[in-house]
Amino acid sequence: MVFDYEEAKSILYPILKTDDPLNIKKRNALARTMRIRGTNIFVTVYRKNKLFPRRDYYTLAHELGHIVLGHFFEFKNTSLFRGGLSDKEYAVLEREAEVFAAEFLMPIPVLKGINIKTHEEIMSICKVTKTSAQIRIEEFKNFKINQDKQMYALYTQVQKQFHNFIYSRHCVNCGYGIISSEYIYCPICGQKLQWGDGNMIYNDGYELDKNGRAVICPVCGNEEIGEDPDEQYCIICGTYLVNKCTHDYDEINNFTGEIIKPACGKIVPGNARYCPYCGSETTFFKDGILKPWQEVKKQLEALEFDEELDELPDDYEMVSEDDLPF
Ligand SMILES: [Zn+2]
Ligand SMILES: [Zn+2]
Ligand SMILES: [Zn+2]
Ligand SMILES: [Zn+2]
């Protein structure tokens with residue numbers, strides 16, 4: 001259980017019968033944790049940092065470190081009271097909790113996964129203070145994954161756990177968000193993707209089979225698409241049924257014979273207007289089967305607005321034209 005100091009004073013008073021829970025003030029501590037005797041329940045009280053709220057994450061991660069690393073059990077204290085430990089023991093435990101907090105808030109496998117470059121990026125992604133981020137970026141630069149099997153297993157396990165976080169890509173242009181390690185360009189608007197979560201879903205595409213062919217003809221609605229993957233045109237209206245990258249030839253510099261842009265032609269998802277691998281237009285987009293994203297975005301936003309109106313409480317009266325003072 002976690003309480004901030006002010007909260008704790010009133011909530012914990014009936015139990016602790018003190019105005020200074022866990023002696024935070026008396027010891028001039030930022031945070032303290034105690035274990036309720038005979039249980040696995042821990043109570044942490046911390047002083048909120050009003051100037052730098054980011055500091056709180058570190059404070060709490062540090063306290064969590066003491067719990068997770070078993071400091072309360074090995075040392076048989078109900079709390080990390082300095083009295084029961086030598087200064088040297090205390091310093092070791094403190095150092096352990098500090099290292100835990102850094103690893104917990106700024107895990108190296110994740111920083112590697114998203115290819116961090118600066119301490120500012122660490123600050124914004126991990127919500128830590130400048131000082132912590134500056135220390136971490138140096139550790140990050142010096143970090144080398146070694147041959148230790150256990151270490152390697154842990155490293156990959158953390159990356160797996162954060163897979164969706166690491167591979168979240170979003171487009172600042174159209175707001176589309178996807179999880180992919182391979183996509184470079186936004187399949188909706190063709191811009192370069194950036195790391196992070198998106199806020200728009202363009203679900204106006206068509207369901208495709210594993211060969212990239214529409215399951216139902218997007219133009220005439222014909223549902224009888226042949227089994228043979230070579231049958232790529234609708235037999236009713238003649239529409240090309242495969243959504244793929246239109247850049248299927250090597251683009252060559254006529255003077256030097258050098259390849260400027262190699263052939264791609266990859267099959268793409270049913271809502272892709274642009275190839276996520278090379279940024280070229282897709283067949284569905286060229287053929288007008290998919291509308292430009294700007295149009296769809298407008299429609300989606302209008303829909304959202306309608307939903308907001310639906311959510312208005314019953315007693316909310318819309319101003320009718322009759323009420324207008326002119
Ligand atoms: Zn500590
Ligand atoms: Zn986009
Ligand atoms: Zn058709
Ligand atoms: Zn392509």
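This is a predicted model: local features need pLDDT of at least 70, side-chain atom pairs count only at pLDDT 80 or more; totals for chains, interfaces and linings use all residues.
Local features require pLDDT of at least 70 and side-chain atom pairs count only at pLDDT 80 or more, whereas totals for chains, interfaces and linings use all residues. Residues are numbered from 1 along each chain as its sequence is written, and chains are lettered from A and ligands numbered from 1 in the order in which they are written.

The secondary structure of the protein comprises 12 helices and 8 strands, taken as DSSP runs numbered from the N terminus (helices: H or I, at least four residues; strands: E, at least two). Of the 326 residues in the protein, 23% are buried (20 or more other C-beta atoms within 10 Å of the residue's own, with C-beta atoms placed from the backbone). Among contacts with a separation of 6 or more, 48% involve residues 24 or more positions apart, a contact being a pair of residues whose C-beta atoms, placed from the backbone, lie within 7 Å.

An open sheet of 3 strands has the order S1-S3-S2, with mixed pairing (two strands pair if DSSP finds at least two bridges between them). Neighbouring strands are turned by 20° against each other on average, direction ignored. Strand S1 runs parallel to S3 (residues 42-46), to which 3 bridges join it; Asp4 has Tyr46 in S3 as its bridge partner. Helix H3 packs on this sheet and touches S1, S2 and S3, its direction making about 155° with that of S3 (axes are lines fitted to C-alpha atoms, for helices over the stretch in contact, and angles run from 0 to 180 degrees between N-to-C directions).

Helix H3 (residues 54-68) also meets helix H5 (residues 87-105): the two axes come within 8 Å and cross at roughly 120°. H3 is therefore oblique to H5 (angles under 35 degrees count as roughly parallel, over 145 as roughly antiparallel, 65 to 115 as roughly perpendicular and the rest as oblique). The contact of H3 with H5 has 10 nonpolar, 3 polar and 2 charged residues (Ala, Val, Leu, Ile, Met, Phe, Trp, Tyr, Cys and Pro count as nonpolar, Asp, Glu, Lys and Arg as charged, and the others, Gly among them, as polar).

Helices H7 (residues 119-126) and H8 (residues 130-142) pack at about 125°, with axes 8 Å apart, so H7 is oblique to H8. His119, Ile122 and Met123 of H7 make this contact with Lys130, Ala133, Gln134, Arg136 and Ile137 of H8. By class, 4 nonpolar, 2 polar and 2 charged residues take part.

Note on methods. A residue is buried if 20 or more other C-beta atoms lie within 10 Å of its own, exposed if 12 or fewer, and partly exposed in between; C-beta atoms are placed from the backbone. Two residues are in contact if their C-beta atoms, placed from the backbone, lie within 7 Å.
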